[in-house]
Amino acid sequence: MVSVMEYLRYLQDPHLVARFQLICGIRGTLSETVPADSSTSDSCRSVNKARSRYNGALHHHTAGETGDEQFTSMGVPRRTADITEPRKLKHDMEDASPNGAALSPGGENVAVRGSTLKPLRRNSLTGEAGQEFVIENRFLFYLFTFGTELGNELFYIIFFPFIMWNVDAFVSRRLIMVWVWVMYVGQCTKDVIGWPRPASPPVVKVEMFYNSEYSMPSTHAMSGTAIPFSLFFMTHGRWEYPYTLGFSLALCWCLLVCSSRIYMGMHSVLDVIAGILYSILILFFFLPALDMIDNFNLSCRYAPLVIVFIPLALALFSFTLDTWSTSRGDTAQILGVGAGVALASHVNQLLGLMPDLTADQLPLMVPTVSGGLVCGAMLRLVLGVIVLVAIRTLMKAVTIPLVCWLFKVPSSDVRKARQHVEVELPYRYIVYGTMGFSVLFLVPLLFTYVENS
């Protein structure tokens, strides 16, 4: 049992993340160094205290501030200098500065080649811009930046509507259901466990936007596993394409997203592995129930009440798990999208719009790619996204002042106002619920009107 805990500590060690970043050509630019004989656990403990304002540690933790304390709460003794990570990892990292910058044998910084950049987006909670870092491999930087974007809001705003409007609305609405449940369970689990992000230093923070959220499990890894493999399972047999091709694409998608979170310095290896396994466990129980849930949303007369109020109750529950953080709003946002899409599917069923294909119309053939097909798809995507952005802007401008007025919360400082649960919850749920409804009802209705005209 102790050996298992030792291995888990090894997988959680931020020096393992820093080593991966060094291999991929990411180095920090901070000047501070660590004495050559300092132990891994001592350095981790000191930086964890210093970094409290940059990650989830700024909130209270039931599991402690450091990785040692987290595993101590699981019944494993605290690490000492005599119980360290495997010697190879320590030897590889002891000649590096805690932020990943190269050092000479004497402990002085060595100039490294490459481009110096800062994180692309500021911390969503604190506004912190982050420290500069050096990129020695631009290909890997752009590859992993693309990989991490596959789990961000902008990707979902484009991907789900594209599938909905141009490929298969049946698959898209079910895929959104999977995404909502996986992300909700993952975010709630993060707030319950309350582990901070990998310590910086030694980790280089290539990304800062989510740095104030908790770390375990990686919800990027969860969605990066659930979305591609659910898409594969839902489309294989419904669409005609080689099994090997579909599985290979899903696997590459998953590996790219998961490895990008380590590259960005946002998650330990343990966070990512836990996210993958957790997602597989959720899919094992949720996918068999998907037909029943979807049929209920479409045909039950009481479905609208359940669709609206059950996700709202789940969002309210998630807001009680921790003090205010950006992850709470993201949870309400995800549940709002799911509720909006489910409600739109019920309305479409009542009005006879966008009917599902019958069994004799399947399987579907992948169409030949042509200029007209691509232009039509892109035109629908651009027009639809413009409509969604306009709806989001309008709803945001109306909802925040209205909610602040209802609950007597000052609206002069929007950031502070949104730290109140009575503002953040209805704002996120209403705005993104409206967007979800628009994706499956209003925008397709607009497309039908334009085509008929």
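This report describes the fold, the helix packing and some local backbone features of a predicted model.

## Overall make-up

The chain has 17 helices and five strands. It holds 453 residues, and 52% of them are buried. Among contacts with a separation of 6 or more, 79% join residues 24 or more positions apart.

The accessible surface comes to about 21,300 Å². Carbon and sulfur atoms supply 67% of that area.

## Helix α10 and its surroundings

Helix α10 covers residues 243–263. It has 21 residues. From first C-alpha to last it reaches 30 Å, close to the 30 Å expected at 1.5 Å a residue.

Which residues of α10 are buried? They are Gly246, Ala250, Trp253, Cys254, Leu256, Val257, Cys258, Ser259, Ser260, Arg261, Ile262 and Tyr263.

The C-alpha atom of Leu245 is 9.8 Å from that of Phe232, and the two residues are 13 apart along the chain. After α10 comes Gly265, which has a positive phi near 80 degrees.

Helix α11 spans residues 269–286, 18 residues in total. Its first and last C-alpha atoms are 26 Å apart, close to the 26 Å expected at 1.5 Å a residue. Its buried residues are Val269, Leu270, Asp271, Val272, Gly275, Ser279, Ile282, Leu283 and Phe286.

Two packed helices are described by the angle between their axes and the distance between the axes. For α8 (residues 169–193) and α11, the axes come within 11 Å and cross at roughly 135 degrees. The two helices are therefore oblique to each other. The crossing is right-handed. On the α8 side, the contact uses Met177, Val178, Trp181, Val182, Val185 and Thr189. On the α11 side, it uses Tyr278, Ser279, Ile282, Leu283 and Phe286. Ser279, Ile282, Leu283 and Phe286 are also among the buried residues of α11.

## Helix α7 against helix α15

How do α7 and α15 cross? The axes of α7 (residues 153–167) and α15 (residues 371–406) come within 10 Å, at roughly 125 degrees. That angle makes α7 oblique to α15. The crossing of α7 past α15 is right-handed.

From α7, the residues in contact are Glu153, Ile157, Ile158, Pro161, Phe162, Trp165 and Asn166. They meet Gly376, Ala377, Arg380, Leu381, Gly384, Val385, Leu388 and Arg392 in α15.

## Thr219 in helix α9

Thr219 lies in helix α9, which covers residues 219–235. Is Thr219 buried or exposed? Its relative accessible area is 5%, so Thr219 is buried.

Leaving aside residues up to four places away in sequence, Thr219 touches Met183, Gly186, Gln187 and Lys190. Thr219 also has a C-alpha to C-alpha distance of 8.9 Å to Ile276. In sequence, Thr219 and Ile276 are 57 residues apart.

## Cis peptide bonds

A cis peptide bond joins Met216 and Pro217, with omega about 0 degrees. Pro217 sits in the loop between α8 and α9.

Another cis bond runs from Leu362 to Pro363, with omega near 0 degrees. Pro363 belongs to the loop between α14 (326–351) and β5 (364–365).

Where is Met354 found? It is in the loop between α14 and β5. Met354 has a positive phi of about 50 degrees, although it is not a glycine. Its relative accessibility is 33%, so it counts as partly exposed.

Lys408 has a positive phi of about 55 degrees and is likewise not a glycine. It lies in the loop between α15 and α16 (414–417). At 68% relative accessibility, Lys408 counts as exposed, because the cut-off for exposed is over 50%.

Definitions and conventions: Residues numbered from 1 in each chain as written. Predicted model: local features only at pLDDT ≥ 70, side-chain atom pairs only at ≥ 80, totals over all residues. Heavy atoms only, no water. Helix = DSSP H or I, 4+ residues; strand = E, 2+ residues; numbered from the N terminus. Buried < 20%, exposed > 50% of the residue type's maximum accessible area, 1.4 Å probe, protein only. Contact = heavy atoms within 4.5 Å. Areas by Shrake-Rupley, 256 points an atom, 1.4 Å probe, with all protein chains shown as cover. Expected span 1.5 Å × (residues − 1). Axes fitted to C-alpha atoms, helices over the stretch in contact; angles between N-to-C directions. Parallel < 35°, antiparallel > 145°, perpendicular 65-115°, else oblique. Left-handed = near helix turned anticlockwise from the far one by under 90°.
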